[in-house]
Amino acid sequence: MTNVLLSAQNLRKDYRLSHGQKLRALDDVSVDVHAGEVLGVVGESGCGKSTLGRSLLRLGDIDSGTIMFEGRDITRLSVGAMRPMRTRMQMVFQDSYASLNPRRTIGDLLSEPLRVHPDPVLDHRRSAATIAGRVEVLLDLVGLSGDVLRRYPHEFSGGQRQRINIARALALSPRLVVADEPVSALDVSIQAQIVNLFIDLQVRLGLTYVFIAHDLSVVRQISTRVAVMYLGAIVELGPTDAILHAPAHPYTAALIAAVPQPVVTGTKLRPSLRGDVPSPISPPSGCRFHTRCPLAQARCMLDVPPLRPLSGGRMVACHFPLDNAA
């Protein structure tokens, strides 16, 4: 897969805290997103997943690095210059209720992007009939009926509101959708429905996703490739099946081991997580995972492991990758 839709290189993002402290949310993160794929981003809370997702869409400024989208450097574009790009890249947030203005009807919320942005082909404002027709198509895409248009966000369940948010994100026919934990606040049965909706839309519309989650079962179901993050950095990257069946990084293996699954006789035991995540304000030296890694050696405490290639299109940031990745 060589058609790179978005390429982020060497992203750094610090949050300034009180007393002169800083929290490095992204530490030299580089990742490509290929057209038509679903890149899953996983890791524990506070690892930088959401910051990465927002940064890729320029919803927050980065301190250094570059982001190329459709071959164009969007890193330092002004607000005005970014506006036309917004039609090509959209986001679905975790909180389905906070994402919708409670004072406006669903019809208003879905038609707003179509009123604000001109038709990209004809370069003029859309007519009311054109907008109404597009809204009807959007509702059909996400499995909702037309009777929702006069209602307000509080009248819907969490799953229905997330369908509305997805429809709103698709209003302008984007190429890239970043979904930031879009099912984590939903019941398990509803989660499956929304994930299946994402999969169906990806196939029908040829969408590209960056799908952020902490649930590996969700990532397994939807993702083509997976990026595993720990304390602001990507520690493993590669095809989903390869990584989930034979992780190279001890942290990835520990995340997989934490997922409840049947015990199969003869399977190799994987290292489990120990201790708490270190403070991102003062992360450990060397490999940031060494304080929790059962396989750590002296080198891990001193040298930062680079993200280096393995076979099969995989990459790992570990001085001593696990044998099962060979």
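Biologist: I'm new here. What describes a pair of aromatic rings?

Modeller: You look at the distance of the ring centres and the angle of the planes. In this predicted model, the count comes to 5 aromatic pairs. Take Phe198 and Tyr209: the ring centres are 5.4 Å apart and the planes stand at 85°, so this pair is edge-to-face. The cut-off for that label is an angle over 60 degrees.

Biologist: Where in the chain do Phe198 and Tyr209 sit?

Modeller: Phe198 belongs to helix H6, which covers residues 188-205, while Tyr209 belongs to strand E8, residues 208-212. They are 11 residues apart, and the pair links distant parts of the chain.

Biologist: Which aromatic pair do Phe198 and Phe211 form?

Modeller: Another edge-to-face one, with 5.4 Å from centre to centre and 90° between the planes. Because Phe198 lies in helix H6 and Phe211 in strand E8, the pair ties together parts 13 residues apart in sequence. Both Phe198 and Phe211 are buried.

Biologist: Let's go to the surface. Which residues form a nonpolar patch there?

Modeller: Tyr15, Leu17 and Ile281 do, and together they have about 230 Å² of accessible area. You'll find Ile281 in the loop between helix H9 (250-257) and strand E11 (308-309). Its relative accessible area is 33%, so Ile281 is partly exposed; that label covers values between 20% and 50%.

Biologist: What does the side chain of Glu236 make a polar contact with?

Modeller: One partner is the side chain of Thr252, at 2.7 Å. A polar atom of the Glu236 side chain also lies 3.0 Å from the backbone nitrogen of His249.

Biologist: And which residues is Glu236 in contact with, leaving aside its neighbours within four places in sequence?

Modeller: His249 and Thr252 turn up again, and the list also includes Val226, Ala227, Val228, Leu307, Arg314 and Met315.

Key: Residues numbered from 1 in each chain as written. Predicted model: local features only at pLDDT ≥ 70, side-chain atom pairs only at ≥ 80, totals over all residues. Heavy atoms only, no water. Phe/Tyr/Trp six-rings, centres within 6.5 Å; stacked < 30°, edge-to-face > 60°. Helix = DSSP H or I, 4+ residues; strand = E, 2+ residues; numbered from the N terminus. Buried < 20%, exposed > 50% of the residue type's maximum accessible area, 1.4 Å probe, protein only. Patch = residues over 30% accessible without salt bridge, like charges linked within 9 Å, V, L, I, M, F, W, Y side chains within 5 Å. Areas by Shrake-Rupley, 256 points an atom, 1.4 Å probe, with all protein chains shown as cover. Salt bridge = Lys/Arg side-chain N within 4 Å of Asp/Glu carboxyl O. Polar contact = N/O pair within 3.5 Å; in protein donor to acceptor, adjacent residues only side chain to side chain. Contact = heavy atoms within 4.5 Å.
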